[in-house]
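Here are my notes for when you open this one up. Have a look at the structure first, then go through the points in order.

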Amino acid sequence: MDARRMSRAVPRVRQVGFFTPNTPVQQPRPQSAAPSSESPPLSDSPASNSLSPVMIPPPRHLSDNLGGRTAAVPVPGRENSGELPTVGSYNPSESVLWLDSPPRSRIGDEELSEGAESSLGWYRRSNSAKFASSLPSGGFNLSTVKHPESVAAVEAKNPLPGKSEAQKEQASSSKPLKAKTTKAERRALQESQRAAKAASKAEANKSGTAGEAPSSKPMKQPPLKKDGPPVASSIAASERIGVDRSVEKERKKDLPPPRKQFDDESRGGRAKRRSVLNQPEARNRVELFRHLPPHKNGTQLPYLQSKFFELQEKHPAVYKVGLQYLAGDLSGGNARCIAMLQAFQEAIRDYSTPPEKTLSRDLTSKIGGFVSFLIECRPLSMSMGNAIRFLKSRIARLPLTLSESEAKTTLCSDIDRFINEKIVLADKVILRHAATKIRDGDVLLTYGSSCVVEMILLYAHELGKQFRVVVVDSHPMLEGQKLLRRLVVKGLSCIYTQLNAISYVMHEVTRVFLGASSIFSNGTVYSMVGTASVAMVAHAFRVPVLVCCEAYKFHERVQLDSICFNELGDPDAISKVPGRVDVNFLDNLTDKQKENLELLNLKYDATPSDYISVIVTDYGMIPPTSVPVIVREYRKEYLLI
Amino acid sequence: MDFQVVVLAGGNSKNLTPLVSKELPKPLLPVANCPVLNYVLHQLEQSNLKDLIVVVEGEDAALLVGAWISGTFIDRLHVEIAAVPEDIGTAGALRAISHHLTAKDILVVSGDLVSDVPPGALAATHRRHDAAVTTMLCSIPVSGPLESGSSGGKDKAKKLGRYNIIGLDPSKQFLLHIATGAEIEKDARISKRILHAVGQMEMRSDLMDAHMYAFKRSVLQEVLDVKDTFQSLKEDVLPYLVRSQLKSEALLNRTPQGEENSNEKVSSQNNQAFISRILANASTPSFHGIYSENPDGSSSTRKTHKCCVYIASSSSYCVRLNSIQAFMDINRDVTGDADHLLSPNNIIGPSPKLGTKTTVGPNCRLGEGSEMGDKCQVKRSIIGRHCRIGSHVKVVNSVVMNHVTIGDGCIIQGSVICSNVQLQERVELKDCQVGAGFVVTAGSEYKAESLAKKEK
C-alpha cells in the first residue's frame, strides 16, 4: 500500500524538478512556488518520508545520464530557504534535483537550497525516526534500499517529456563530472557558500527579509521564506548568480573524482569510523553495481584475525560467527540466522548491565554493535534482519521490573523459541505440506543447495515415495554438490547437471522445488543467483515451481529487480576455475589489460512472482499474491510471539 | 575473549651457555639492550592481552624475572609469575600450573620468541575452526650472512639442522603431520588413516614451529593428565594430538561436536539434532567432518578433533632465541631489518661519550653511559650500558653487554661479551663468547672459543 501511494506522490514532485530548468531565468518565481504550494500535503504522507535520501538510481540513469548524476553533489545551500514545511516531499525528488542542479543554480536558489535543506533534514530523520519501519539492524544500509522498487516504478510511470528535455539540456551543458561528497563535505561547502553569499547580499539586498540572514543552523530556520517577497528574493537571486558560478567552479576544482555510490552515502563517514574492517578499494567493479557493498574477500581475514584481541567489546561468540561469515565457512540463510541468534544468546548470557544504565537500552545498543560488526563481515540476509528486529522488540518490551538475570533468561528463552518455532517447527510443517505434492514417479528438480528442500526430499524418501531428483548447480559455489552427496548417500537417485543445461533436463521434470533467501510482499522471490532462470525455464515448460520458504523470511519490502539490492561475491571466484590450471586465460593479464575487465559475481537474483506456482510456507501453501497478507496479518503476532 | 595466556619463559638454557647464568636467566638476556622477554610481553600488550601467567624455571630466576617485570610493566600488565622446578619440560611446566587455567582456550607462548606476528591471528584461527590445538608456523629464518658477507664464522651449531617435517592439507589450514628435529632419522611415519581421509598431503620442511600454540583447555588438561610422561609440548603433546586427530578416543570426547552441542540449550533433543544438522550442512565440511560421517551419512560415532595451523606470512619476522647463533641473528635483525620490533621504551638513552675520530656505523646500538676512547670503530654491533672502551678498539658484528671494560687496542669480531667482563689491552677475539665477569688477560688471542669463569 505504502508503495503504491508513494509512487503516486513522487512523479508529481519529479515533474516539478524537471520542469524548472526549462523555465526562463527571468521568472523563477511562479515555478518555484509551485512545489511549495502542492508539497505540504505530500510531505505529510508517510510514504514519501520513507523514501531514502540516497536513492539508488535505476539502471536507466546509469546508462544515460551518469554524468548528471555525478555532477550532482553538494547542492549549494542558500540560507534563505531553510523553511521546509515540505521536507519530506522533496526527498523523492532529490536525485532529480541533483541531476539538474547545474542549470537550476542559475535560476532560483530557493529551489536548490530547499533541496539541500530537505536532504539534510532528511538525513537527520533517517537516523532517528526512520528505523521504526526499516530494519532496526540494517542501519543505513538497509534503509537506503528500502523502497528501491518503488523508485523504479516511479521511473517507469514517469511521463517523461520533461525529463528527456532536462537530460538533453544537461547533456548540452556538459558539465564536467563531479562527485557526490559526503555529508560532512557538503555541509562545509554549504557553510562557506552561505558566508560568501551573505557578504554579497548584505550590500545588494538591504531590504533582505529576516529569514535571509545567514544562519548557522539552517535546519531551524522559520519555514516561511519561500513565500516571502518574491521581488526581493528574485533580485537577490539575480545578484547571486555571479557568486554562485564562481563558487561552483571552485567546488568543481576541489572535488575529488567521482566515487562509488556505496562510499558517498551519508553513512560514509560514520560507518568508516566505526568499521572494523577497512573497506577494500573497489577496482574493476561493474558500473551498474557499484552501489552495492564491495565483497570483503579473504584478504580481510588476516586483518580481522590480527585484531582478535583488540576487539574486546565484541563477544567471542559473535566474533566467531563474524569470522565464519567472512571466511565463507557458514552459508545458507537458516544456518546463518541460527548461528547469529545463538551467538547473541551467548552474548546475552554473559552480559551484565553497566552501572547507571538500564538493561533494555544498553543491551539494544550492544546488540546493535554486534549486528554492525556482522554486517561488515557479510551483509545480512532479510531473514536475519527479521530475527534481529524480533530480538530488539523483545528487549524493548522487557518489563522494567524484571531483574537482570530474569531478563536475560527471558531473552534467551525467547531466542530459543524463535529458533524452534520460526525455523525448526516451520521447516517440519513445510516438510509435511511439500511432501503431499510429491507423487510416485515424479522427477523433482532443485537448484543449488537449500536446506529445506533437502529435508523435503529426504522426508519424501523416508515416506517411501518413488521419485528421482535433478540437482542443478552453478559456478562458482557449486553448492549443489554438497547436496548431491548427502542425497546420494541416503540412496536417492539423482541427476546432476549445470545450470546451462537446464532446458534439456526440464523436459522430464514434473516439479521444481526451490529454496529462497527471502520473499517480498509483491511475491518476488529473492534467492541464490540462477534461481530466476530455473523458474523461468520451468514456467516456459509449464512445470510447477514450488518455493519452500519459512515465513520468517518474508519481508514487507517490494522489489522488482535484483539490481537495487543484492550482494556481491568474490569477483576472483568466477575468474578462476578451481582445479583447472589449463583454464587460466584470465590469469596473466597485465594491470593495464585488467583495467578493461570488470568482474561481476552476484549472489542473489529476484524471481518474479509470475513464475512461481505456489509458495510452501509454515502457514500452508499459498500463492505468491498472498505473501503480503501473511506479512500483514502475522507480523504483529510475530513480533509479540 | 576468553583466552588465557601462558608465557613459558624458561630459565637456564644449556644452548646458551655461557651467555646465561644464575644472575642472568634466559628471559632477561638482553637483545639489543632489552631483555628478550620484553619482546613477547610487548607484543602481547599490544594485542591487549594484559593478564598473563609467566612460567619461569627455578626459584631464583623467577625472582629475578618477577622483579624485572614488576619494574618494567608496572601497572600496565597484570602478570602472575609461576616458578616451576627445572628440567620438567614445557609440558611439565604447564602441568604444574594446570590448576590455574580456567579459560576456554589457552594461548601458550614461548618467552624466547621474537616476532611481530600478532597473537590474535592465531587465536582467531583457533576459534574459527573450533580446533583442539592451533600452532603457529613461520618460515625458517634465513640465518647466516645476509647482507653482511663478512660476518663469517658463525656458530657451527646451526648446522645441526633443526629440521621440521610438517604435513598440511591442501587448504593449508590443518596440520596432518609433524615431526621435529631429533625424531627424523631416515623415514617419516604418516598415519594411513589421515592420508586416506584427506587424500592429499603437502609436506613442508621450510616451516618452523614458532612455539606459539592455542590449546583448547579441556583437551590440554586431559592430555597432560593422562599422558604424564609427556615432557615437551613440541615433541610430545603436539605430535600426539596431530596423530590422534581422527581417532580421538574417549580421552578427547569433549572436542568440537561436544562443545557445540552444549551451546545449544534447545529444549528437545530432536530439535537440537535438527539445528545442528542445518548448521553442519551449511558449513563447508573439513575432512574431519567427512571422515566422521558414517557411510550412511548419519553423523558419527567417530570422534575427531582439529589441529589447525596459522602460517605467518613470509614478510613477518619470527625467530626463536634458542641458540647462540639465533642470538647473534636476532641482535643483528633487531637493529637492522626488523627494527620495528624494538618497543619504544628502549630507544637509546642519552648518547654516549665518544672520543675523537671514533666512528659508529649503521645498525649499531649504544647503551646509555658508555664511554669510548679515541679512534674506535664500531660496526653492526650492540654495546650495553656503562661500558668503558679504550682507544683504538674495533668492534664488529658483536654484542657487548653492560658494564664491560675494554682495554686499548682490542679487536672484537663476531663475539658476545657478557656483563662485567674485563678485556685488557690488545686482546683479539674472534667468534668467541665470553661469560659474565670473565677477565681476559692482556695480549691474548682467542678464536671460536667459549670463555667463562670456572669458579663454580
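1. E202(B) is partly exposed at 25% relative accessibility, on a scale where buried is under 20% relative accessible area, exposed is over 50% and partly exposed lies in between (1.4 Å probe, protein chains only). R204(B) counts as buried, at 19%. The two form a salt bridge with the closest N and O atoms 3.0 Å apart; the term means a side-chain nitrogen of Lys or Arg within 4 Å of a carboxyl oxygen of Asp or Glu. K172(B) and D206(B) belong to the picture too, being linked with E202(B) and R204(B) in a network of salt bridges.

2. Before you go on, some ground rules: this is a predicted model, where local features need pLDDT of at least 70 and side-chain atom pairs count only at pLDDT 80 or more, while totals for chains, interfaces and linings use all residues. Side-chain values use heavy atoms, with hydrogens and water left out; residues are numbered from 1 along each chain as its sequence is written, and chains are lettered from A and ligands numbered from 1 in the order in which they are written.

3. Over all chains, the structure holds 23 salt bridges. One of them joins D112(B) and R320(B), at 3.2 Å from N to O. That pair links distant parts of chain B: D112(B) sits in the loop between β4 (105–110) and β5 (113–115), and R320(B) in strand β12 (residues 318–320), 208 residues apart. Strands (E, at least two residues) and helices (H or I, at least four) are DSSP runs, numbered from the N terminus. Both D112(B) and R320(B) are buried.

4. Chain A has a salt bridge between E508(A) and R468(A), again given as 3.2 Å, N to O. E508(A) is in the loop between α25 (502–505) and β4 (511–515), R468(A) in strand β2 (residues 467–473), 40 residues apart. E508(A) is partly exposed at 36%, and R468(A) is partly exposed at 35%.

5. What does Q43(B) touch, leaving aside residues up to four places away in sequence? Its contacts (heavy atoms within 4.5 Å) are S115(B), D116(B), V117(B), P118(B) and P119(B). Q43(B) is in helix α1 (residues 36–46) of chain B and is buried, at 15%. A polar atom of its side chain lies 3.2 Å from the backbone oxygen of V117(B).

Key
A polar contact is a pair of N or O atoms within 3.5 Å; within protein, one must be able to donate a hydrogen and the other to accept it, and residues adjacent in sequence count only if both atoms are side-chain atoms.
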